[in-house]
Amino acid sequence: MIPVEIIEATLILMTWSLLYKDNPLYKLAASMTIGLYLGVTLNYAIDSLNKNIYVPLIVQGKWLSPTTIVFIIGLLLYTRFIKSLWWLSRWPLAILSSIGLSVAVTGALGPQIIAQLSTPPLAGHPLSIINGILGVTATVTSMCYFVYSREHKGVLGALVKIGRIFLMIAFGFMLGTFLMSNIAFAIQNMSILAVPPGAYISAIAAIILIIVTSLPRVKKSKGEEMKK
Amino acid sequence: MSAMLPKVDRLIFLLFLFFIAIPFILPVALPLPISPTTLKYKEILENLRKGDTIIWFVDAMIGAWAETAPGDIATFNFILEQCREKGVKFVMVTTFHAESLAYAETIFKNYLNTEGLTYGVDYVYLGWIPGYESALAGIAGNLPAIVKTDYYGTPISQIPMMQNLHSIDDFAISGFTSSTSPDPYIRQWSKKPIITNILAANIGWIMPYVEKRIIVAYLAGVRGAAEFEYLIGRIGSATKLISAQSTAHIYAVALLIAANIYYFGFVRRRGEVIKK
């Protein structure tokens, strides 16, 4: 039986082959990923329907329960495929978005709005005043950067310059942490590629890459010779 | 030089792959200072007392496996240790996406040491409760109304440890693993202390909540996971990956220095010559 690491290494290298150029192996890996993703998602979705709808309604026969109403509202989503009834699909969407919004807004009041305004960060710390001033300055000047109704000149121009520095620091931090995350993904893959048996596949791929990259040069040099 | 840039681009990637491969071929132990946040994370889990129940929302996507799974595996095994030693109860649940279920299921089935523990008495996995924030709100408000069965399809009325769990008030602490927004957990579960294992890229996102002590401790990606593995004395995948990550960071710093030397030493000077 083929070790799992061999399959993993092959698939990783097929995906990474895009770094050289777009090729059928990359396209195959991309299609397999999408297919697998859809398959897994569909499997879990059907399982969820089975557990939450089929078993209580059909197997246990609990037709007089809130699940029936939920099931009917869910079914209404599919009326968009029937021309005369498509407007009914708006109802479940409206219910979904209104419930989502109300749940989020009521939850946001405490921790996301009131708590953030109540006490300054690092309250009681000697540096809290500086931190507070920095926070307010960064907020105001960064907002000034996005004022487009006035030319960035004079006082506004100076504020925009300060705001730009704060934005650069924020984006730099975001980029740094984002890079750290993405490096982790590459390293995880490398832990398969650098150690046998995955390393054998890496060696084969390296040889193929060297051959492929050197081929056009040979052809070119022959063509140049012909011209001469 | 600008014409050469596409080639330089590829060379940078190639060298990057070469450098991160080195620690796997020739293992090197680079120093790993333990950050205060990881210490706090362990302390909070250690301070759980007999009868305390911790609920963990395992909502990361499979794509985030490299970053969040090492931390989750170490954390869950540590919590299970607390279950074994102190009688803590552990609830795992997924609310975000079917893909998150695949992630949680893989950890639950393959990476947890449940020796000496009884499923349904010491720990339970509730599976996927679809709805994300609505599900989080539902579990916090009225758990039995939202969760009918566990992962295996067993009605929760038949699961002993679920008999005393009705709402957020019955949990001592909550935790979450997310590869997207941390906001829904804050909005629905801030009544109780929250801890998290999160992508390093999302650390900036949780900082306002950390400052307000809504999130009381966190693990920051692979780095946090490696620190935690070291603290609990369980060498796992994060420890193996961290040397390669340190190598990659050294390489990134070297690239930054080289690019700045090139820019200030050559490009800028040449630009000034052209202007004159």
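Q: Where in chain B is B:Tyr132 placed?
A: In this predicted model, B:Tyr132 sits in the loop that runs between β3 and α5 of chain B.

Q: What makes the backbone of B:Tyr132 worth a note?
A: The phi of B:Tyr132 is positive, about 50°, although the residue is not a glycine.

Q: How do you know that the peptide bond joining A:Pro196 and A:Pro197 is cis?
A: Omega for this bond is about 5°, and the bond is assigned as cis. A:Pro197 itself belongs to the loop between α6 (154–193) and α7 (198–227) of chain A.

Q: What makes a residue part of the lining of the second largest pocket, and how many residues line it?
A: A lining residue has an atom within 4 Å of a point of the pocket. By that test 45 residues line the second largest pocket, and A:Asn52, A:Ile53, A:Thr67, A:Val70 and B:Pro130 lie nearest its centre. The space in this pocket comes to about 2,000 Å³.

Q: Which elements each supply at least two residues of that lining?
A: From chain A they are α2 (24–59), α3 (66–76) and α4 (90–118); from chain B they are β3 (123–128) and α5 (133–146). The most is given by α2(A), with 8 residues.

Q: What is the make-up of the lining of the second largest pocket by class?
A: The lining holds 28 nonpolar, 13 polar and 4 charged residues. Gly is counted among the polar residues, and Tyr among the nonpolar ones.

Q: Why are chain A and chain B said to be in contact, and how many residues take part?
A: Contact means heavy atoms within 4.5 Å. On that criterion 38 residues of chain A and 50 residues of chain B take part. The two chains bury about 3,600 Å² between them, with 69% of it on carbon and sulfur atoms. On the chain A side, A:Tyr44, A:Met180 and A:Ile187 supply 17% of the area buried against chain B, more than any other three residues.

Q: How many salt bridges are there between chain A and chain B, and what would count as one?
A: A salt bridge needs a side-chain nitrogen of Lys or Arg within 4 Å of a carboxyl oxygen of Asp or Glu.

Q: What are the domains of chain B, and what joins them?
A: The assignment gives domain 1 (2–25 + 242–275) and domain 2 (36–240). Their centres, taken over C-alpha atoms, are 39 Å apart. In the contact, 4 residues of domain 1 of chain B meet 6 residues of domain 2 of chain B. The area buried between these domains is about 350 Å², and carbon and sulfur atoms give 54% of it. B:Phe24, B:Ile242 and B:Gln245 lose the most area in domain 1 of chain B, together 91% of what that side buries. Between these two domains the count of salt bridges is 0.

Q: How is chain A divided into domains?
A: Domain 1 of chain A covers 1–63 + 194–228, and domain 2 covers 126–181. Taken over C-alpha atoms, the centres of these domains are separated by 42 Å.

Conventions
Residues numbered from 1 in each chain as written. Chains lettered and ligands numbered in written order. Predicted model: local features only at pLDDT ≥ 70, side-chain atom pairs only at ≥ 80, totals over all residues. Heavy atoms only, no water. 1 Å grid on protein atoms, 1.4 Å probe; cavity = no way out; pocket = protein on both sides within 12 Å on 5 of 7 lines; lining within 4 Å. Points joined across faces, edges and corners; volume = space filled by probe spheres on them. Helix = DSSP H or I, 4+ residues; strand = E, 2+ residues; numbered from the N terminus. Domains from an automatic or database assignment. Buried area = accessible area lost by both parts, 1.4 Å probe.
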